[in-house]
Amino acid sequence: MKKQEATPARHVVVVGTQWGDEGKGKLVDWLTETATGVVRFQGGHNAGHTLVINGQKTALHLIPSGIMRAGVKCYIGNGVVLSVGKLLEEIQGLERAGVSVRDRLFISEACPLILPFHVTIDMAREAAKERSGGAKIGTTGRGIGPAYEDKIARRALRVQDLRHPERFAIKLKELLALHNHVLSTFLDGANIEWPDAVKPYLVDSQVSFDAVYQEAMAQAAELLPMVADVSKALNEAHAQGANLLFEGAQGTLLDIDHGTYPFVTSSNCVAGNAAAGAGVGPGLLHYVLGITKAYCTRVGGGPFPTELDWEVEGTPGWHMATVGAERGTTTGRSRRCGWFDAALLKRSAQVNGLSGLCITKLDVLDGLDELKLCIGYELDGERIDLLPMGADEIERCKPIYETLPGWQDTTVGATQMEQLPANALAYLRRIEEVTQVPVHMVSTSPDRDHTILLKHPYHAE
């Protein structure tokens, strides 16, 4: 596809409109042909993007997808909670593959740190729910939620604290006193079978100060050269006419405020948080691209109105799960699969202010005889056409479907709308009609170049 000139100083936000895993990484990578900087603004290493470039798969968890494009600067904003160890592992993996990272990666000094005690608290809580028979949230167990809790409680250790070892030590002792007390008293840490990854930090089921402190200080020497005032850098880049791309993690329905609460992540995944999570004014967010799978998937617990029986061979759900290779990039967990939910997408459009959609994995639906499109729900005897707020009401929603004919011809690799089967075109048009959001892009395989472009996000009206 030809590179097109962008409108200078125009910035795009990319968000997932469902429960994550919509294929944001590929589209961010594709758009960085035009962008000069890519920004992560929320989440932690619980996110995951898989890119396929020239047939080679690359998985990213913290570093923005733009790192795969030579010359593109990558920023990790203050809204991200940072595991320094996992970041350094990712950098080293990319460097082994010949990708230059350290001279192009800028990390906000205001990022809260994820430390080993956050991981133990996260794991212990899920274990406690399992013992009590309660509904597990389905977290990744990587400490993201507890790290955000410390941030909101104004007690977090941040990247900037690594510059001051004595201050770091004082704050770490205070945090360990609190979290070790919770671990032993409320979460019965002594009776948990801890995985090997956390055992080096534990002494008598308590997180050791020495182990955490010594590791943090060793990592600081490697991290600090990449630390920057990201807010200042982004605003200067804008003033110089750069095109920035703000890359969301997870998906809108996992947003802490607007998602299927409490089965959500611990940060705001919606487009508006790109401003707060990166340190720019909302007036700099010019276009919001909603990445939307041609069907729906979800990892972990929580309501899913259009979920199919995706574990039964020969069913549409099985087709989606197998053809779509629906396993999480970060966790490897199987994704639950279901029909496209337009009422859900209308909620996402509302809270994100979507400018346009990119429909991904259209090719996964190749070969299905018919498709169902959820256009609303029956809730307690009433018909509604917008996803309710919160898990309890969503759990009671019964989907209302339209049935559309499927197609047998392949859509894999299509780069023009004219190459799509007539029924695939009709499916896309119906999504536009029901959601009232235009389709501006379509992805027809994981490969970077297999993309149909109808309107470029970086071109002003």
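Which residues does Asn273 touch, not counting residues up to four places away in sequence? In this predicted model, Asn273 touches Phe41, Gln42 and Asn268 when residues up to four places away in sequence are not counted. Asn273 is found in helix α8, which spans residues 273–278. Its relative accessibility is 16%, and because buried means under 20%, Asn273 counts as buried.

The strands include an open sheet of 10 strands with mixed pairing. The order in this sheet is β9-β6-β5-β2-β10-β1-β11-β15-β19-β20. Strands β9 (227–228) and β20 (451–453) stand at the edges. Each edge strand has a single partner strand, so one side of each is left without a neighbour in the sheet. Within the sheet, strand β15 (residues 356–360) pairs with strand β19 (residues 439–443) in the parallel sense, over three bridges. In this region, Leu357 stands opposite Val439 in β19.

In soluble globular proteins, nonpolar side chains tend to be buried together. The largest nonpolar core of the model has 55 residues. Val13, Leu234, Phe246, Leu362, Leu365 and Tyr427 are the residues with the most contacts inside this core. Helix α12 (residues 422–435) supplies the largest share of the core, five residues. A second, separate core has 46 residues, among them Val84, Leu94, Leu157 and Ala216.

Leu362, one of the residues with the most contacts inside the largest core, touches Ala294, Trp407, Thr411, Leu420, Ala424, Tyr427, Leu428, Val442 and Ser443, again not counting residues up to four places away in sequence.

Key
Residues numbered from 1 in each chain as written. Predicted model: local features only at pLDDT ≥ 70, side-chain atom pairs only at ≥ 80, totals over all residues. Heavy atoms only, no water. Core = buried A, V, L, I, M, F, W, Y, C linked by side-chain atoms within 4.5 Å. Buried < 20%, exposed > 50% of the residue type's maximum accessible area, 1.4 Å probe, protein only. Helix = DSSP H or I, 4+ residues; strand = E, 2+ residues; numbered from the N terminus. Contact = heavy atoms within 4.5 Å. Pairing = 2+ DSSP bridges.
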